[in-house]
Amino acid sequence: MADRSFSVARLPGFTTTAMIVFLALYLPILTLVFYSFNAGNSVAVWQGFSLDWYRRAWANDAVKDATLRSLIIAVFAAIIATTVATMAALGTTRRRAFKGQTFIYVMINQPLMVPEIVTAVALLIFFAQIKVFTGYTGLGYLIAAHSAFCVPFAYLPIRARLEGMDLSLETAAADLYASPWQTFRHVTLPLLLPGIIAGAMLAFVISLDDVVITEFVKSGGQDTLPTYMLGQLRRQLTPEINAISTGLLALTVLLLTAFFLLTRKQDA
Amino acid sequence: MMKQTLAALALLMASTTLAAAEGELQLYNWGNYTSPELLAKFEKETGIKVIVTDYDSNDTALAKIEAGGSGFDLVVPSANYVPIWIEKGLVQELDLSKIANHKNIAAEWMNVDYDPGRKFSIPWQWGTTGMAVNQTAYSGDVNTSAIFLDPPPELVGKVNVTPEMNDVLALATMYMGGAPCSEDAELMKKVRDKLIEAKPKWQSMDYGMTEKMAANDVMASLYWNGAIFRARLENPEVKYGYPKEGYILWMDQVMLLKDAQHVDEAYKFLDFIAVPENAAMISAFARYANGIAGSDAFMPDDMKDAPEIVIPAELKDKGVFMKTCTGKAQDYITAIWTELQK
Amino acid sequence: MSAAEDAARRTSDRNGWLLSTPALVLLTLAAAGPLLIVVVYSFLSPGEYGNVVWNFNLDGWRGILFSRDVFDDTLVLADAHLTIFWRSVWLSILTTVITFAVGFPTAWFIATRPPRQRTLWLFLITIPFWTNLLIRTFAINEVIRNEGLLNTLLMRTGLIDTPLQIIYTDTAVLIGMTYVYLPLMVLPLFAAIDRFDMRLLEAGYDLYASRWNVLRRIILPIVKPGIIAGSILVFVPSLGAYVTPRILGGGKNMMIGNFIELQFGQGRNWPLGAALSVTLLVIVTVALLVYVRFANKDQGHG
């Protein structure tokens, strides 16, 4: 053979394209991060290193308020979504397929298939009626909405983990006269835990990131970080947005790294 | 341990979902229109924290409040919308005994025909709607609506037209020779055709021109004088013009929503903004004139002779104050606007 | 089948339902249920300044394709509406095609790295995937605006004199959507290529097939499920995109999502907005069914 280093897997131009893609994906984000440290006002001209924008973002009451609200909603949504998803996963996996299971599956994954704007509009109408009827305008609506669309994101990793689990341990527990509840609490749950945590983290990130549904459902003064940024993006273009974005990005990367480490251990 | 965590979570949930918090006020106002210093001063004097939520247009605000359950206490509509808000029962009549400074409202702004005696509103700021152009892109006459309706070649594809329906339609109607709120079907047809013809020459239909013109993202726009004043402070090439075919005068005022949950705090705020010094603070931030007598003494110097504030003598009588249109006229306006927006 | 087995099976089914109930309740109340309300609203009359009046009215549905000329009171074809639909579909198709064209080599690249390296590359592609949509749109805005990275570079190197007006055009929206949805194409493609048996390629080359033929006849058909999954994951959100066209389109180049929002704000036509939402949902569902049908059809032949 003439070509000693003929690699079956090599396709011409693919590696170059991939490299360009990675570059293209990261360049804008890195630019954004880079200019958050810009001493000047511009987002295109470097004027020296400074943490000023971070200080300003942190001193900005609206930002602090929005961040706190985002975190609260995300925590509650993640807890509710993960709990509900875990139960649903246990109910729909590793058992004989029952009538209506497809229906359950469709319902749970429906937020993934319906465009966000449609759900946002639907919730706007629905919640508006309830708001007028009950007079309650608190965070409950946002938490409910977020919990709902986070369910599929929590469900999928938990289900995946559940399907990959070895039944023999649970059978052994049953053989040793453990009750179903005991088996669940001491055998199934610990084994499932990495999947549950992974699902919770995904749900958390998804809730933190949501823009469209929150924008439509929120009431007065209920900005989350993304809706605050959306408002600012249509006006201010100071590096304060860059600082906030970098902060949010750092949090996401942190959570993702944890997610990767958790799911890697599972393969081991 | 589990029980304690659950209890803590329940408490947290309860505290965060409390509908009305004491010492707080929800103000729904135009974007970039409220002075942070004013709010800080207000909080210092009364201990009440004001939370501002932005809107970009009268229609958006009306739509949001109409939908119900918005959670806001105060809103700041323009004069031509005030009768609509009152008629729809969305705002409450003010108890003037709680607003001692009500008497400070300037005489010419006290008995306006959309709210005689100011029983429903306290003036916030007033201004004009005109043309703003970046002189590096175009150095010709800025005092004309042709900038957006018949753009000169240098500005084709570079003009922003802010999607404030009544403002745009009023300027276009006057450009075609009529008066705003016209019920003349023939005239309105021409207005519609002109706007549709001009739309492909526009760059965008967006807000936030203060920042965008300052950053050279937009070279020309239909916009409000104070916002352009602020853009000029950042970018000296920006020039404001008063269309000679006819331009608009408007006023925004603060009104109390019927389902407001912080009524006492709201009255304190309404009283607060009628103090001349505070009114001047509002103007100093947004760079518009206000309707409170005696505030001139406290206004910043650069507002005294700024081209955006002082209307040139020869154009003074071309200004028309925005009124509420009759049903038929409004139907035309809405229909044309809907066609234009698509 | 013994009675005991029967009973056990019924208990299992019942437990399955019981465990799934909380999820069903939550999703019905806060996701699926309100969709029904949207359908109802599409048949009502618009209120004068928003909200609805409870009168049966087909104007919401008529308004999708037709508009009433206010001067002649005739029904005319609303070609501006059709422009928005066409723009949305066309941009979504383009986005899907472009993300596939560049996403496939990328997925291939990641899948053909040595196993240890692979996790790193996977991690690198996942970060943009999970980065907030707003941040990604903002990042692209920073690159393509008049004083952004691209124009500054081009002007500094003297290639152009005045900035390229990219922002606020359809192109800006296309660039934005491609950038934002690219990771959604790469990940399913990677999953499919990962399962691909490289020995099939060896066989192909042994039979003197060219690289192009190997790609066309061996690789693509086998990774088809991944292509379909990726295409769905890009096409569906693109069609319903709201944030990206809003920020990059300047309010003039509306897509369906923006047009729907308009009806609930300045447009003051909730029934029309509801009807449009239902239409969007139907288009998306049809696209999904078509894709899924394609996937199953081929699996039948394989």
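These are my notebook entries on a few things I looked up in this structure.

**Ground rules.** I'm working with a predicted model, where local features need pLDDT of at least 70, side-chain atom pairs count only at pLDDT 80 or more, and totals for chains, interfaces and linings use all residues. Residues are numbered from 1 along each chain as its sequence is written, chains are lettered from A and ligands numbered from 1 in the order written, and side-chain values use heavy atoms, with hydrogens and water left out.

**Chain A against chain B.** I began with contacts, meaning heavy atoms within 4.5 Å. I found 21 residues of chain A in contact with 26 residues of chain B. The buried area between the two is about 2,000 Å², with 54% of that coming from carbon and sulfur atoms. Buried area here is the accessible area (1.4 Å probe) that two parts lose on being put together, summed over both.

Which elements of chain A give two or more residues to the side that touches chain B? They are α3 (61–92), α5 (116–134) and α6 (140–163) of chain A. I took helices (H or I, at least four residues) and strands (E, at least two) as DSSP runs, numbered from the N terminus. By class, I noted 9 nonpolar, 8 polar and 4 charged residues on that side of chain A. Nonpolar covers Ala, Val, Leu, Ile, Met, Phe, Trp, Tyr, Cys and Pro, charged covers Asp, Glu, Lys and Arg, and the others, Gly among them, are polar.

**Helix α10 of chain B.** Next I checked burial: buried is under 20% relative accessible area, exposed over 50%, partly exposed in between (1.4 Å probe, protein chains only). In α10 (residues 225–234) of chain B, 7 of the 10 residues are buried, so the helix is largely enclosed by the rest of the structure. Among the buried ones I saw B:Ile228 and B:Phe229. The cover over the buried residues of α10(B) includes β6 (121–134), β11 (247–256) and α12 (276–286) of chain B.

**Two positive phi values.** Most residues other than glycine have a negative phi. I looked at B:Asn216, which has a positive phi of about 65° and sits in the loop between α9 and β9 of chain B. B:Arg287 also has a positive phi, near 70°, and lies in the loop between α12 and β12 (319–321) of chain B. Buried or partly exposed? B:Asn216 is partly exposed at 25% relative accessibility, while B:Arg287 is buried at 14%.
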